[in-house]
Amino acid sequence: MIVVTGSTGALGGAVVDRLLEHLPPEQVVATARDPRRAAHLSGRGVVVRHADYGDPASLRTAFAGAEQVLLVSSNDPTGDPVEQHRAAIDAARQAGVGRVLYTSHQGAAPDSPFVPARTHHATEQLLETSGLAWTSLRNGLYAHTLPAVVGPWTTTGVMTVPADGPVSWTSRDDLAVGAAEVLLSTRPYDGVVTLTAGAAPTFTDAAEQAAAVVGHPVRLEVVDEETWVAALVAAGQPEMRARFTLGIFRAAAGGFFAGTDPLLGRLLGHEPATAADALTAATAAAAGPRAGATAAAGR
């Protein structure tokens, strides 16, 4: 039996969908803080259990009988994610789980400028000393965030960033398939496993790719960090969120997201989606309403 936490989230839900293509539903358990939100899964025959990282007793019950648990990293903004992960790992050990797989992040390191990467590193240390069999899936940065973090380039023709550096932007859908394939594999993946797209373009490269997508020049503008933060705040973004995102650029400039690994492509059976694919999707989404209005005017 495989337990997937965070099953009502985008990644966890996609993993469950992939598992159900290969396993009978009674072999998959989906957990959620609010099981009512997972009614669509129980309707498909999946066992749905309550699990809250802030409630260790619920975790022990949710993990009971599991051969494997996919521990999707906490996104609770009010809690301490390392302590929440500690509680989940302890619960897995107490429940006799055979293996814990954790959704970590490429560049997980104690000195990363990107705060979640430090959380992931600390969680990996907990797994290493847990006595459990474990796998840490170091996922590439989600590619669908690329078009958003570089500003309104589809209308201005300018990508504005506070630093440049390589990032292995990776499709969340591809990562969900990769995680499911690791869970389904007959061979164990022990320790750290890196799942990324096949390339790590810089933001300069991304601007060139964007220009090819839209058919006109897209310029990269690198500005001072405080100027960049101030512009986001002026546009309505909370300063805390802007400074959180700043960590992505600092980590990129430091090379924390530069590595790539062919494993994800092997798990998929084809090349992973690229940063250019994410830019193409963003361009289509931006053009959609305008294209629809044009079509309507012509009728």
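Me: Which residues have the most contacts inside the largest nonpolar core?
Reply: This is a predicted model. In its largest nonpolar core, which has 32 residues, the ones with the most contacts are Leu146, Val150, Met159, Trp169, Phe203 and Phe257.

Me: And which helices and strands supply at least two residues of this core?
Reply: Helix H6 (146-149), strand S7 (158-161), H9, H10, H11 and helix H13 (275-298) each do. H11 gives the most, with six residues.

Me: What is Phe257 in contact with, leaving aside its neighbours within four places in sequence?
Reply: Quite a list! Among them are His105, Gln106, Phe114, Leu141, Pro166 and Val167. The list also includes Ala200, Ile248, Ala251 and Ala252.

Me: What does the second core include?
Reply: That one is separate and has 31 residues, including Leu20, Val72, Leu175 and Ala176.

Me: Leu175 and Ala176, which helix are those in?
Reply: Both are in H8, and both are buried there. H8 covers residues 172-184.

Me: How many of the 13 residues of H8 are buried?
Reply: Ten of them, so H8 is mostly covered. Besides Leu175 and Ala176, the buried ones include Asp174, Val177, Gly178 and Glu181.

Me: What should H8 span at 1.5 Å a residue, and how far apart are its end C-alpha atoms?
Reply: Its 13 residues should span 18 Å, and the end C-alpha atoms are 18 Å apart, which agrees.

Me: How about H5, what do its buried residues pack against?
Reply: They pack against helix H4 (81-94), strand S5 (99-105), strand S6 (133-139), strand S8 (191-195) and H11. The buried residues of H5 include Pro116, Ala117, His120, Glu124 and Leu127. As for length, the 14 residues of H5 (residues 115-128) should span 20 Å, and its end C-alpha atoms are 21 Å apart, which agrees.

Me: Switching to rings. How many aromatic pairs are there in the whole structure?
Reply: A search finds five. In one of them, the rings of Phe203 and Phe249 have their centres 4.9 Å apart and their planes at 35°, so the pair is tilted.

Me: Where in the chain do Phe203 and Phe249 sit?
Reply: Phe203 is in helix H9 (residues 203-214) and Phe249 is in helix H11 (residues 239-253). They are 46 residues apart, so this pair links distant parts of the chain.

Me: Are Phe203 and Phe249 buried or exposed?
Reply: Phe203 is buried, and so is Phe249.

Me: What about Trp228 and Phe249, why is that pair edge-to-face?
Reply: Their planes are at 70°, and over 60 degrees counts as edge-to-face. The ring centres of Trp228 and Phe249 are 5.2 Å apart. This pair links distant parts of the chain too: Trp228 is in helix H10 (residues 225-234), 21 residues from Phe249 in H11. Trp228 is buried as well.

Me: Which residues do ring pairs link into a cluster?
Reply: Trp169, Phe203, Trp228 and Phe249.

Me: Which rings do Arg172 and Arg187 lie over?
Reply: Arg172 lies over the face of Tyr142, at 5.4 Å from the ring centre. Arg187 lies over the face of Tyr189, at 4.0 Å from the ring centre.

Me: OK, salt bridges now. How many does the structure hold?
Reply: Eleven. Take Arg243 and Glu239, whose closest N and O atoms are 2.9 Å apart. They are four residues apart in helix H11, so about one helical turn separates them. Arg243 is partly exposed, with a relative accessible area of 32%, and Glu239 is partly exposed at 43%.

Me: Which residues do salt bridges that share partners join into one network?
Reply: Arg18, Glu21 and Glu181. The closest N and O atoms of Glu21 and Arg18 are 3.4 Å apart. Glu21 is exposed, with a relative accessible area of 55%, whereas Arg18 counts as partly exposed at 21%.

Me: Last one: what about Arg86 and Glu83, how far apart are they in helix H4?
Reply: Three residues, about one turn of the helix. Their side chains meet in a salt bridge at 3.2 Å, N to O. Arg86 counts as partly exposed at 33% relative accessibility, and Glu83 as partly exposed at 38%.

Conventions
Residues numbered from 1 in each chain as written. Predicted model: local features only at pLDDT ≥ 70, side-chain atom pairs only at ≥ 80, totals over all residues. Heavy atoms only, no water. Phe/Tyr/Trp six-rings, centres within 6.5 Å; stacked < 30°, edge-to-face > 60°. Buried < 20%, exposed > 50% of the residue type's maximum accessible area, 1.4 Å probe, protein only. Lys NZ or Arg CZ within 6 Å of the ring centre and 35° of its normal. Expected span 1.5 Å × (residues − 1). Contact = heavy atoms within 4.5 Å. Core = buried A, V, L, I, M, F, W, Y, C linked by side-chain atoms within 4.5 Å. Salt bridge = Lys/Arg side-chain N within 4 Å of Asp/Glu carboxyl O.
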